[in-house]
Amino acid sequence: MSQPEPLPAARAKTVLYRNGSVYTAADPFATAMVVDGGTVAWVGSEQAASSIADSSMEIIDLRGALVAPGFVDSHIHLTETGIALDSLQLGGIRSAKELLDAVAGVPGEGPVLGHGWDETTWADDTLPTAEELERASAGRHVYLSRVDVHSALVSGSLAHAAGVRELDGFDGGARVRRAAHTAARQATRRLPHDELRRHQGRALSEAAANGYVAVAEMGAPHIGGAEDLRLAAAWNNGGPESAGVPEVLPYWGELAASEEHARSLLDQFGFGVRGLAGDLNIDGSIGSRTAALRSAYEDAPGEHGSLYLTVDEAAAHLAACSLAGVQGGFHVIGDAGLDTALAALELAAREVGEQRVRAAGHRLEHVEMVDAAAVATLARYAVTVSAQPAFDAAWGGPGGLYEQRLGERSRSMNPFARLFAAGVPVCFGSDSPVTPLRPWSSVRACLEHHNQDERISARAAFLGHTRAGWRAARYSDPMAGQLVPGAPASFAVWEVEELMVQVADGRVQSWSTDPRARTPLLPALDTGTDPVCLQTVRNGIEIFASPALRS
């Protein structure tokens, strides 16, 4: 299903939303809101709305819809998302034969690109050979990323053209990992700027249509390179086109060796890079067996994954960023990978001082295998965990990928409740294209975590997807992510079936709508369907609208 193009910029105006529900700390019973330009001017009751409505305003009858702060995706890859949306969708493939049939059915003459296969869902997990891919594509280059995008299947002609045969991660078959995967992916991403920008625009339109007002773009040399991040950040340039999309919060994942080096890495861009964090990889992914583990993979004895950085390298990076006063951080998933990151934190703190490390606001992406000692260290250094709840929903249940790869260790993964309880700052994202841009599904994943002890309330999950995303990016406006007078008018309007207070343990009283609780209500997420986005507004400018909003 195609998504709408970004809407052209429109002059911010005064709009009265009424006859709905407004998620605001200012008034848990608010049913109306006034937006004046780019700012929330007022929230309150329906009776009060009637008294202030006048002909100069646009008046939107919500008809029971919910107005809530817009979502922030704290980890996304725009170009990769756009390419994935417009290429072969392989999530439903269940065998090598089905995959080859899909490749053979792609029309045209250019490379065959696809995303999302997961052999752990196949009855027979045997992968196709490079020769089979070559025949199916009639000699065209083939690049099919695994769902985690840490490995891929490539045809023989692409392997030759990309020079992967001599690189780490090539074993002679169709599957490439590590350096071989990076080379193969980059060979298919050497595209004209206009085409790259089109892919990014496609991703931003998808985000806007799902209630996102901002996305943290995780650029890195091994993904799209510096030019790709420049193109992503250019959507913030203030022109007519940029006003019609979510804000891009750019990060650059390149290793710094000193304070001066850190500053030079940031200065090369000429715009406000948020930090040297994101996909600066300490390790890989569990699905591709490249996440670094203390003990071997359950389904691959002897394999412990891959460490891409040493403790000394990671510590030098964190020390450099701390001295420069910028966020540093890493992609880290496995427990041995996290051991490396935390040892680096301790070493950096000894070098530059614990207070400087804390003040820099470092962040770690994913952080799926966390024990009690690691939680305590993260809390001590005020490190933000940028996590993806949809990972647990997709792979965390009994018999799922995590259990296949890790056995009993999978039960303690993604410990959201423990992180929140310890005071570790947590924000949420999708890692799109790894999981879809569906924020309410992500909130539901927190409520329905496969380990009941790690479930959190809808309110905590919602804040992790909204206000916490702004804070994690050290955004300059402290009021971002809430709907109170004076705050930025960045929000989404949702068609909902029911509103309620939801916590993770399922107690009857926890689902109460008793007004004495004075808790703003959120959509019921046990209905089997997500709320439908009717409108997304960023700083007072409409960036998505469903025809149903004003019909």
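Me: Which residues lie nearest the centre of the second largest pocket?
Reply: In this predicted model, the second largest pocket has a volume of about 450 Å³. Its lining is made up of 25 residues. Those that lie nearest the centre are His150, Thr182, Arg185, His222 and Asn281.

Me: Is Arg178 buried, partly exposed or exposed?
Reply: Arg178 is found in helix 6, which covers residues 178-187. Its phi is near 45°, a positive value in a residue other than glycine. Most residues other than glycine have a negative phi. Burial requires under 20% relative accessible area and exposure over 50%; because the relative accessibility of Arg178 is 23%, this residue counts as partly exposed.

Me: Within what arc do the buried residues of helix 13 fall?
Reply: Ala374, Val375, Thr377 and Leu378 are buried in helix 13. Seen down the helix axis, the buried residues line one face, because they fall within an arc of 165°.

Me: Which exposed residues does helix 13 carry on the face turned away from its buried side?
Reply: The buried residues of helix 13 are covered by elements that include helix 11 (335-352), strand 17 (363-366), strand 18 and helix 16 (416-421). The face turned away from that buried side carries the exposed residues Ala372 and Ala373.

Me: With which residues is Leu378 in contact, leaving aside its neighbours within four places in sequence?
Reply: Leu378 is one of the buried residues of helix 13. In the largest nonpolar core, Leu378 is among the residues with the most contacts inside the core. With neighbours within four places in sequence left aside, its contacts are Leu342, Leu364, Val367, Val370, Val383, Val385, Leu419 and Val424.

Me: How many residues has the largest nonpolar core?
Reply: The residues with the most contacts inside this core are Leu338, Leu364 and Leu378. Helix 11 gives the most to the core, with 8 residues. A second, separate core of 30 residues includes Ala152, Leu158, Ala180 and Leu401. The largest nonpolar core, for its part, has 70 residues.

Me: What is the relative accessible area of Ser322?
Reply: Ser322 lies in helix 10, residues 311-324. Leaving aside neighbours within four places in sequence, Ser322 is in contact with Val352, Arg356, Val357, Ala360 and His362. Buried means under 20% relative accessible area; Ser322 is therefore buried, with a value of 5%.

Me: Which residues that line the largest cavity are the closest to its centre?
Reply: The structure holds 3 cavities of 30 Å³ or more, and about 120 Å³ of space lies in the largest cavity. Helix 14 (389-395) and helix 15 (401-406) each supply at least two residues of its lining. The lining divides into 8 nonpolar, 4 polar and 4 charged residues. Of the 16 lining residues, the closest to the centre are Asp148, Ser285, Ile333, Phe391 and Trp395.

Me: What volume has the second largest cavity?
Reply: Among the residues that line the second largest cavity are Glu80, His115, Tyr143, Arg189 and Pro433. Helix 2 (78-85), strand 9 (112-117) and strand 10 (142-146) each supply at least two residues of this lining. By class, the lining has 5 nonpolar, 4 polar and 2 charged residues. The volume of the second largest cavity is about 60 Å³.

Me: What is omega for the cis peptide bond that joins Ser432 and Pro433?
Reply: Pro433 is one of the residues lining the second largest cavity. Its place is in the loop between strand 19 (426-428) and helix 17 (439-447). Most peptide bonds are trans. The bond that joins Ser432 and Pro433 is cis, with omega about 15°.

Methods. Residues are numbered from 1 along each chain as its sequence is written. This is a predicted model: local features need pLDDT of at least 70, side-chain atom pairs count only at pLDDT 80 or more; totals for chains, interfaces and linings use all residues. Side-chain values use heavy atoms; hydrogens and water are left out. Helices (H or I, at least four residues) and strands (E, at least two) are DSSP runs, numbered from the N terminus. Buried means under 20% relative accessible area, exposed over 50%, partly exposed in between (1.4 Å probe, protein chains only). On a 1 Å grid over the protein atoms alone, a cavity is a set of points where a 1.4 Å probe fits but cannot get out, and a pocket is an open set with protein on both sides within 12 Å along at least five of seven lines; lining residues have an atom within 4 Å of a point. Grid points are joined across faces, edges and corners, and a volume is the space filled by probe spheres set on the points. The arc is that of the directions from the helix axis to the C-beta atoms. Contact means heavy atoms within 4.5 Å. A nonpolar core is a set of buried Ala, Val, Leu, Ile, Met, Phe, Trp, Tyr and Cys residues joined through side-chain atoms within 4.5 Å. Ala, Val, Leu, Ile, Met, Phe, Trp, Tyr, Cys and Pro count as nonpolar, Asp, Glu, Lys and Arg as charged, and the others, Gly among them, as polar.
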